[in-house]
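Please look at the sequence and the 3D structure shown here before reading on. The report that follows goes from the whole chain down to single residues.

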Amino acid sequence: MLDERTILLVLPILILQIALMIFALVDLIRNPNPNGPKWMWAAIIILLNIIGPILYFVIGRRNY
């Protein structure tokens with residue numbers, strides 16, 4: 001089983017991952033013209049954990 005120390009080490013990474021995912025998905029919904037189809041970016045954001053939202057903000061987001 002996981003001990004308390006392991007949970008305390010993993011918890012900040014998990015919170016960061018969820019916050020990035022939510023922020024990226026909200027931005028994707030509000031963005032009228034991303035680089036590529038929205039369904040593709042939604043899949044990347046959800047499936048690639050921490051890397052997906054970072055890729056969206058670096059590559060997929062256009063200034064609108």
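## Overall shape

Of the contacts in the protein chain between residues at least 6 apart in sequence, 58% join residues at least 24 apart; a contact means heavy atoms within 4.5 Å. This is a predicted model, in which local features need pLDDT of at least 70 and side-chain atom pairs count only at pLDDT 80 or more, while totals for chains, interfaces and linings use all residues. Residues are numbered from 1 along each chain as its sequence is written, and side-chain values use heavy atoms, with hydrogens and water left out.

The protein chain has three helices and zero strands, and its pattern along the sequence is α-α-α. Helices (H or I, at least four residues) and strands (E, at least two) are DSSP runs, numbered from the N terminus.

The radius of gyration of the protein chain is 14 Å, whereas a compact globule of 64 residues would have one near 11 Å. This radius is taken over C-alpha atoms, and the globule rule is 2.2 Å times the number of residues to the power 0.38. Along its principal axes, the C-alpha trace spans about 45 × 15 × 15 Å.

The accessible surface of the protein chain is about 4,900 Å², and carbon and sulfur atoms account for 72% of this surface. Accessible areas come from the Shrake-Rupley method with a 1.4 Å probe, and for residues only the protein chains shown count as cover. Of the 64 residues, 22% count as buried. Buried means under 20% relative accessible area, exposed over 50%, and partly exposed in between (1.4 Å probe, protein chains only).

## The nonpolar core

Which residues make up the largest nonpolar core? There are six: Met-21, Ala-24, Leu-28, Trp-41, Ile-45 and Tyr-56. Helix 1 (4–30) and helix 2 (38–47) each supply at least two residues of this core, and the largest share, three residues, comes from helix 1. A nonpolar core is a set of buried Ala, Val, Leu, Ile, Met, Phe, Trp, Tyr and Cys residues joined through side-chain atoms within 4.5 Å.

Leu-28 lies in helix 1 and is buried, at 4% relative accessibility. Not counting residues up to four places away in sequence, Leu-28 touches Pro-34, Lys-38, Trp-41, Ala-42, Ile-45 and Tyr-56. Ala-24, with its neighbours within four places left aside, is in contact with Ile-45, Pro-53, Tyr-56 and Phe-57.

Helix 3 (residues 51–60) has the buried residues Gly-52, Pro-53, Tyr-56 and Gly-60. They lie on the same side of helix 3, because they cover an arc of only 100° around the axis. The arc is that of the directions from the helix axis to the C-beta atoms. An α-helix has 3.6 residues a turn, so residues three or four places apart point the same way. The buried residues of helix 3 pack against helix 1 and helix 2. On the face turned away from the buried side are the exposed residues Ile-51 and Val-58.

## Aromatic pairs

How many aromatic pairs does a search of the whole structure find? The search finds three. Rings of Phe, Tyr and Trp (its six-membered ring) pair if their centres lie within 6.5 Å; planes under 30 degrees apart count as stacked, over 60 as edge-to-face and the rest as tilted.

Phe-23 and Phe-57 form a tilted pair, with 5.5 Å centre to centre and 35° between the planes. Phe-23 is in helix 1 and Phe-57 in helix 3, so this pair ties together parts that are 34 residues apart in sequence. Phe-23 counts as exposed, at 54% relative accessibility, while Phe-57 is partly exposed, with a relative accessible area of 23%. Ring pairs link Phe-23, Trp-41, Tyr-56 and Phe-57 into a cluster.

## Distances and a loop residue

The table lists C-alpha separations for pairs that each include a leucine of helix 1.

| Pair | Separation along the chain | C-alpha distance |
|---|---|---|
| Leu-11 and Ile-59 | 48 residues | 28 Å |
| Leu-14 and Phe-57 | 43 residues | 19 Å |
| Leu-28 and Ile-45 | 17 residues | 9.6 Å |

Leu-11 is partly exposed, with a relative accessible area of 39%, and Leu-14 is partly exposed at 40% relative accessibility.

Asn-49 is placed in the loop between helix 2 and helix 3. Asn-49 is not a glycine, yet it has a positive phi of about 50°. At 40% relative accessibility, Asn-49 counts as partly exposed.
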